[in-house]
Amino acid sequence: MQLVVGKIGRAHGIRGDVSVEVRTDEPELRLGPGAVLLTDPASAGPLTIESGKVHSGRLLLRFAGVNDRNAAEALRGTMLIAEIDPEDRPEDPEEFYDHQLIGLDVVLLDGTLVGELSEVVHLPYQDLLTVTRPDGTEVLVPFVTRIVPTIDLENQRAVIDPPPGLIDPAEAVVVRSDDASGESEESDSEESESESESGEGGARG
C-alpha cells in the first residue's frame with residue numbers, strides 16, 4: 001500500500017536542501033536517511049533521502065543526486081510516497097495511519113451518523129478530519145481526544161463529541177463577558193449623564 005508522507009516545498013540554501021511539509025506521524029521512520037520514496041509525479045522519483053534536519057521548525061531534506069538549488073527547486077510541489085505493509089500499525093496505539101481512518105463512519109456519542117471521514121488534513125499545529133456529510137457538505141473536526149474520544153477500527157467508526165456549532169453552525173453558543181457588559185452599561189450610564197448635563201443627545205452606531 002502507498003502512503004503519502006510529505007510534500008516538497010521551497011529549496012533551502014544552495015546545496016540541494018528542500019523544505020518538506022510532513023504528512024505522517026512517523027517522520028523519523030518514513031523520512032529518515034536512507035528511505036527510498038516514490039513520487040507524484042512519478043517522473044521526479046524515486047528519491048533516496050541522503051540527510052535531514054529541522055531548521056526553524058521546518059523539516060529540511062537532501063536527496064541523493066540533488067546537489068544544487070536549481071535541482072531542488074525543480075522538485076517543488078512533488079508528493080513523497082512510501083510503500084507500506086497494509087497490516088502495519090503505528091507503535092503508539094493512539095496514532096493511526098491515514099488509510100486506517102479514511103472511510104470510517106463518523107458518529108456522535110449517541111450513535112447518530114454525521115458522515116464519512118474522507119480526508120486527514122495535516123497542519124503544523126494539529127491534524128483535522130474532513131467529514132463529508134450525507135448532503136455533500138464537509139466539516140473539519142480537530143483530531144484531538146476531547147473531540148474524537150474513540151476510533152473503533154473493528155466497527156469502522158469514529159466517535160466524536162463536538163462542541164456546539166462545530167457540526168451545525170446554528171447550534172453555536174455566543175458567549176458574552178459579564179465584565180464587558182458591565183463596562184458597557186457603565187459607559188452608557190456615564191454618557192447618558194453627560195448628555196443630560198449638556199442638553200445634547202445622539203444615536204449610537
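Strand β1 (residues 2-12) and strand β2 (residues 17-22) run antiparallel and are joined by five bridges. Strands, like helices, are DSSP runs numbered from the N terminus (strands are E, at least two residues; helices are H or I, at least four). Two strands pair if DSSP finds at least two bridges between them. In this pair, G6 stands opposite V22 in β2.

This is a predicted model, in which local features need pLDDT of at least 70 and side-chain atom pairs count only at pLDDT 80 or more, while totals for chains, interfaces and linings use all residues. Residues are numbered from 1 along each chain as its sequence is written, and side-chain values use heavy atoms, with hydrogens and water left out.

Both β1 and β2 belong to a closed barrel of six strands, which runs β1-β2-β5-β4-β3-β6 with antiparallel pairing. On average, neighbouring strands of this sheet are turned by 50° against each other, direction ignored; the axes are lines fitted to C-alpha atoms, and angles run from 0 to 180 degrees between N-to-C directions.

The whole structure holds four salt bridges. A salt bridge is a side-chain nitrogen of Lys or Arg within 4 Å of a carboxyl oxygen of Asp or Glu.

| D17 | R62 | 2.9 Å |

D17 is buried at 9% relative accessibility, and R62 is partly exposed at 22%. Here buried means under 20% relative accessible area, exposed over 50%, and partly exposed in between (1.4 Å probe, protein chains only). R23 is partly exposed at 26%, and E21 is partly exposed at 35%.

D98 lies in helix α3 (residues 98-101). D98 is buried yet has no salt bridge, and the nearest side chain of opposite charge, R23, is 7.6 Å away. For charge, Lys and Arg count as positive and Asp and Glu as negative, while His and the chain ends are not counted. Leaving aside neighbours within four places in sequence, D98 is in contact (heavy atoms within 4.5 Å) with L3, R23, V120 and H122.

T130 is in strand β9 (residues 127-132) and is buried, with a relative accessible area of 2%. Beyond neighbours within four places in sequence, the contacts of T130 include E116, L117, V121 and L140.
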